[in-house]
Amino acid sequence: KHHEIVIDLPPPADATSEMVVDGILSALESALTAVGNAKLVLVDAITSNTVLALPVARVTEVCHRHGAAVIVDAAHGVGQIDVSVDEWNADIVVGNFHKWWCSPRGAAFMHWNSQRVSSSDSSAFCLPPPRPLVLSHGYGSGMLSEFSWDGNRDYSAWLSLDAVEAFWDAVGVDAARRYCTGLLRSAADLLVRAWSGRTLLPLNMCHMMALIKLPLAEKKMDDGKLSEDQYTSADGKFVQDSLHYKYRIEVPIKCVGGMLWVRISAAIYNTEDDYHKLAAAVTEICKEFDAAGAQ
């Protein structure tokens, strides 16, 4: 059986990052207690849909205390944050390098915590060593050997990582992060003011991505109350496709809490002018969207 832990988003507009984190940990604690014998918890380092940077070390501590192993998906982590596998102490951490580390697609990593397997705590559920789905050269010789030569794999992406690391050494990872996080805050402030909106989460919980509420009219029922079904993912796709095909802007539109939000990113090649163009384009699309809905 699998269980999902549901966190209500967006939080109140005046919620602090501490309030959001406490709510997540409380929900996790309650869910693990209710399940009673959870064996495995899968958690994102940074969520894709809501760009929430989770307190992975604290999440892992709660899960291990309940006897559950932890797998961390750090797909959006590498580059945005330090992927601290020792500090996190998760059983397995996986991630890729093409999202924020700028490698070609196909380069990824998996870290298996061997200390957890050798744990003397008999109450803890520990994952066995991962094994490849394709058996080839190196079988039986350990994890690295078993995964390094498993058929007709294209190693080009792996071989690019030295050049990618040299690029980041030249640019400076810390300097790049400072630029991107600073730009993100400026961009978020620009869009919030342009649309009289809000961010989904406090910006100190975000690194290089944030969600900003679109300036769409709230749908009301006949009695004047807000409709529970405001907007859908199909509505989001319409806005996203309009941005792409009409304005040549590529940015995801997410449906969270029945409302539409734009997920902005701040990379080293972005400038504030990009977000001025986004602000103007979204404003026009939302006016057309509201006008069509009113007819």
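Trainee: Before we begin, how are residues numbered, and what pLDDT do local features need?

Mentor: Residues are numbered from 1 along each chain as its sequence is written, and side-chain values use heavy atoms, with hydrogens and water left out. Because the model is predicted, side-chain atom pairs count only at pLDDT 80 or more, totals for chains, interfaces and linings use all residues, and local features need pLDDT of at least 70.

Trainee: How many helices and strands are there in the protein chain?

Mentor: Helices (H or I, at least four residues) and strands (E, at least two) are DSSP runs, numbered from the N terminus. Counted in this way, the protein chain has 10 helices and 7 strands.

Trainee: What percentage of the residues of the protein chain count as buried?

Mentor: The word buried means under 20% relative accessible area, while exposed means over 50% and partly exposed lies in between, using a 1.4 Å probe and protein chains only. Of the 295 residues of the protein chain, the share that counts as buried is 42%.

Trainee: Which residues have the most contacts inside the largest nonpolar core?

Mentor: A nonpolar core is a set of buried Ala, Val, Leu, Ile, Met, Phe, Trp, Tyr and Cys residues joined through side-chain atoms within 4.5 Å. The largest one here has 71 residues, and apart from it lies another core of 8 residues, among them Trp101 and Trp168. In the largest core, the residues with the most contacts are Val72, Leu214, Leu243, Val262, Ile264 and Leu278.

Trainee: Which residues of strand 1 are on its covered face?

Mentor: Strand 1 covers residues 40–44, and its uncovered face holds Leu40, Leu42 and Asp44. The covered face is made of Val41 and Val43.

Trainee: In the hairpin of strand 6 and strand 7, which residue takes a positive phi?

Mentor: This hairpin has 2 residues between the strands. The residue with a positive phi, near 65°, is Gly257.

Trainee: Is Val51, a residue other than glycine with a positive phi, buried or exposed?

Mentor: Val51 lies in the loop between strand 1 and helix 2, and its phi is near 50°. Because its relative accessibility is 3%, Val51 counts as buried.

Trainee: About how much space lies in the largest cavity?

Mentor: On a 1 Å grid over the protein atoms alone, a cavity is a set of points where a 1.4 Å probe fits but cannot get out, whereas a pocket is an open set with protein on both sides within 12 Å along at least five of seven lines; lining residues have an atom within 4 Å of a point. Grid points are joined across faces, edges and corners, and a volume is the space filled by probe spheres set on the points. The structure holds 1 cavity of 30 Å³ or more, and Val51 and His207 are among the residues that line the largest cavity. The space in this cavity is about 30 Å³.

Trainee: Which residues lie nearest the centre of the second largest pocket?

Mentor: This pocket holds about 740 Å³ of space and is lined by 31 residues. Helix 8 (173–195), strand 7 (259–265) and helix 10 (272–294) each supply at least two residues of the lining. Nearest its centre lie Trp100, Ser265, Ala267, Tyr269 and Asn270.

Trainee: With which residues is Asn270 in contact, leaving aside its neighbours within four places in sequence?

Mentor: Asn270 lies in the loop between strand 7 and helix 10, and it is buried, with a relative accessible area of 14%. Contact means heavy atoms within 4.5 Å, and by this rule the partners of Asn270 are Tyr179, Leu183, Ser265 and Tyr275.

Terms used. Pairing = 2+ DSSP bridges.
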